[in-house]
Each structure stands twice: as C-alpha cells, then as structure tokens.
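Colleague: I'm new to reading models like this one. Could we go through it together, one question at a time?

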Amino acid sequence: MAFWDGAPCLEEGSMGLPLLGETLQFFAPNTSSDIPPFIRKRMDRYGPIFRTSLVGRPLIVSTDPDLNYFIFQQEGQLFQSWYPDTFTEIFGRQNVGSLHGFMYKYLKNMVLHLFGPESLRKMIPEVEAVATRRLRQWSSHNSVELKDNTASMIFDLTAKKLISYDSENSSENLRENFVAFIQGLISFPLNVPGTAYNKCLQGRKRAMRMLKNMLQERRANPRKQQIDFFDFVLEELEKDGTLLTEEIALDLMFVLLFASFETTSLAITAAIKFLLNNPHVLEELTAEHEGILKRRENSDSGLTWGEYKSMTFTFQFINETVRLANIVPGIFRKALKDIQFKGYTIPSGWAVMVCPPAVHLNPEKYVDPLAFNPWRWEKSELNGASKHFMAFGGGMRFCVGTDFTKVQMAVFLHCIVTKYRFKAIKGGNIIRTPGLQFPDGFHVQIMEK
C-alpha cells in the first residue's frame, strides 16, 4: 500500500475538499470520552494508518503503536518535529517545538535548569504553600470554578519562577492575555477580526510585548544574583558566541508559561472529576496521603521530597488521569525521506500525526479502556513513555516539564485529600475540539474536614 500525491487508493483515506481538506471535520467538537469520532470513523474504514488533509496540507494519521514508537525513535534521522503553519504563527517561528538538532538539545538543557530534579526538590515547599493558601481561600466560597482557579494558581507560581511576575503587584494582567490566546488555540485558523483564531493571535502579541518589555528592563538593570529563569536566560544571552537570540528566548518563555499552567490545570480538573466519579479511588488516594502524615515525627512539618517519591498510588492515579484525559490529541512530525513501514510508503515531506487517544484507549492493551482504574498501573513502569503510553510525548522530545507537572498534581492532591472534602456543584461536561475543554465550567464546593 502507498500514499502518493497522485491517484491515491481511496481505501487508504480521503483528502477531502480542495484546499480545505477535512479541516472542518477534524475541528468539529464532540462530547465523547472515546477515540475522537474523526479518528474512529477513519480507523474503522481505512485501518490504523490513513491519510487526510488539514488546511491544505497532506497528512498521515497513525493510530498504530509500532509506527508511533518508530517515529519517536527516529527523531532527527527519518522524522523531525513539525507543526502546521497556523500553530507556528501562534507559538512563534523560533519556538522550541520548531527547532531541531543541536539547537533543540541546547534549549532542552536550559529548561532542565528550571525543571530538573534538584530544582523540583527545592520547589516542593513553595508548591505546597501555594496549594494550601489557595485551597483555604476557595473553601470560604460556596463554590469555585476549578479549571480557571487551578490555572490561576499554577500560572502565578510558574510566572514567579520564570520571570518573578507577581499578579497582585503588576500593572498589567499577563495571564489575561494567555486566556485570550488559549480560547482560540484549538479553533479553525481563520485570521479575521472577531474570530477565535484572531483573538488568539492578538493575545499572543500582547503577551509577547509584555515579555519583551520585561526582558529590556532586566537588560538595562541586571541583577547580581540569579533569582529566576529570566536571569539565567539573560546570562546566556550575554555570553560570547551564544546560540541564544532574543527572539528564541522570548518564544521559549512564552511556550513555558503556556505549557506549564494550561495542561496541568486541565489535568488537575480532570483528576478531581475522576475522584468524584470514583469514590473507591478517592478512598485509596486519601489513605496513602493520610499515611504520610501519620508517619511524620513532627506533624507540623511540610511535605518532603522523600514523601513525594513514596506516593506510589498517586503516581498510578496520575498516569490513569492523563491516559483518559488525553489532553494532547495529536503529536506532529514530518518525514525527511521516503519511508517504508508495514507495507506503507510515507512520502518525504509529508506530515504525520501520532494520535495518543487511539493508543491510550486501545482495548488490546487496556482492559475496559474507558474505565478509570489506577490499579491497572500497579506493576507498570510509571515514568517515561512506551508504545502504549505517550501522554507526555516520546523519544528525544519527551516533555521536559513532565516531572514539574507531576509535582504540581501530587502536591495539590496531597493538600486537598488530607484537609478537605469536596463535591461537584455544576458543570463538568467535557468537549473536545479536538483538545480537552470544560466549556460550561466545573464548579466544586470545597469544605474543611
């Protein structure tokens, strides 16, 4: 079987309408927790590997675990990271996802300066203090909209670590610009005033202007000691022969701010929803965290790195949450040459989309795949990626912020299940477009035990 620009076999997929392709069908909202209908229908009709066209670009969609694994392992050899032009416009042409080879490794090492194990170990008390303070505030209200409030909590913490941004003492609201950006991120890419996509681009422009002003202020008044990641970036910019440019630095800060709070707040919101729908899971999770408190010599001491690393069931719970939430619906690559795989030919230059939901909801790997069952991870590797688990990507581009996300989730869960009861008040419906959204909000009441 082969995929070619000329006269492709119909059973292998459809290119849709001229120029438009199947873009409208791809972006159509759905309420299914299963594999997205766009993908499911084509899997049933064409098999696990099929072709389509999005915004005029020929694209091969892979729901095949072996091909997905092969793609990740051949990063830089047969495939390279690629995203549609619309995504590049949104995240910046010099964003870390669009860079390759040595430059990508260089930026990855920079980010590990912020999200590496030593930094996270020092960060745990601060993460716990922020979660404790926010939960106390939320418990004084009749209900809170969970997604927006957790996003605010994580954004403020991340922005402080990255750029020493303090929302309470700033004349401009940086997060507001990211909210406008996010609302149009997964939307039809029509750049006309009034459209979600246009608002997304305007939100990015305003956020980038704020970041650039901060960078220029820091350059004019450098600090003697490193306090945040911005200081580290400035030191790199000033080095002789540095590879870093101001444009790359600003795009990096923008992507880190976005990725660190938006995906984690979605994961936390999904986690609370799963706990409310599965009381036996909440009971097991609570027992683990109350056990941590009981083993302490000093009941008033804070969470330690050792206690965090001991949270076995919590990590199983996190894996199951991100498996079912499928926050990242597609991971894009581009073929660097003609590639033969299982009788298919992937032409050089064609884009390929790895589809995590199809992998995570495969009944051949996961028994009763739509059931929320953290115990399925009992004897599994809980770190890294595999053919059957890619919630954090895979290969050399495995998400460098994975451990930061897990710290945020685990510490928040520790604080809420040991000190509070909570119940759903309204909302919680999920719409995928094709990403995960809570369009009507998810309002919960949080009460002290």
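Colleague: At what angle do helix α11 (residues 246–277) and helix α14 (residues 312–325) pack?

Modeller: Heads-up: this model is predicted, local features need pLDDT of at least 70, side-chain atom pairs count only at pLDDT 80 or more, and totals for chains, interfaces and linings use all residues. Residues are numbered from 1 along each chain as its sequence is written, and side-chain values use heavy atoms, with hydrogens and water left out. Helices (H or I, at least four residues) and strands (E, at least two) are DSSP runs numbered from the N terminus, while axes are lines fitted to C-alpha atoms, for helices over the stretch in contact, and angles run from 0 to 180 degrees between N-to-C directions. The axes of α11 and α14 are 10 Å apart, and the angle is about 105 degrees.

Colleague: What do we call that arrangement of α11 and α14?

Modeller: Two packed helices are described by the angle between their axes and the distance between the axes. Under 35 degrees counts as roughly parallel, over 145 as roughly antiparallel, 65 to 115 as roughly perpendicular and the rest as oblique. So α11 and α14 are roughly perpendicular.

Colleague: How many nonpolar residues are in the contact of α11 with α14?

Modeller: Contact means heavy atoms within 4.5 Å. By that rule A267, A270, A271, F274 and L275 in α11 meet F317, T321, L324 and A325 in α14. For the classes, Ala, Val, Leu, Ile, Met, Phe, Trp, Tyr, Cys and Pro count as nonpolar, Asp, Glu, Lys and Arg as charged, and the others, Gly among them, as polar. There are no charged residues and 1 polar one, and the nonpolar count is 8.

Colleague: How far apart do the axes of α11 and helix α12 (residues 279–294) come?

Modeller: L275, L276 and N277 in α11 meet P279, V281, L282 and L285 in α12. By class, that's no charged, 1 polar and 6 nonpolar residues. The crossing is at roughly 110 degrees, so α11 and α12 are roughly perpendicular too. Their axes come within 5 Å.

Colleague: Which residues touch the most other members of the largest nonpolar core?

Modeller: A nonpolar core is a set of buried Ala, Val, Leu, Ile, Met, Phe, Trp, Tyr and Cys residues joined through side-chain atoms within 4.5 Å, and buried means under 20% relative accessible area, against over 50% for exposed and partly exposed in between (1.4 Å probe, protein chains only). The largest core has 107 residues, and its largest share, 18 residues, comes from α11. Not counting residues up to four places away in sequence, F229 touches several residues, including L252, M253 and L256. The two with the most core partners are I163 and F229.

Colleague: In what order do the strands of the 5-stranded open sheet come?

Modeller: Two strands pair if DSSP finds at least two bridges between them. Here the edge strands, each pairing on one side only, are β1 (49–54) and β3 (79–81), and the twist averages 35 degrees from one strand to the next. The order is β1-β2-β8-β5-β3.

Colleague: Which residue in β8 is the bridge partner of I331?

Modeller: Strand β5 (residues 331–335) pairs with strand β8 (residues 351–354) in the antiparallel sense over 4 bridges. For I331, the partner in β8 is V354.

Colleague: Is V352 buried or exposed?

Modeller: V352 sits in strand β8. Leaving aside neighbours within four places in sequence, V352 contacts L59, I60, I71, F79, I331, F332, R333 and I346. Its relative accessibility is 0%, which means V352 counts as buried.

Colleague: Which helix lies across β9 and β12?

Modeller: Those strands belong to an open sheet of 3 strands with the order β4-β12-β9 and antiparallel pairing. Between β9 and strand β12 (residues 442–448) there are 7 bridges, and K426 has H443 as its partner in β12. Running at about 105 degrees to β9, the helix across them is α16.
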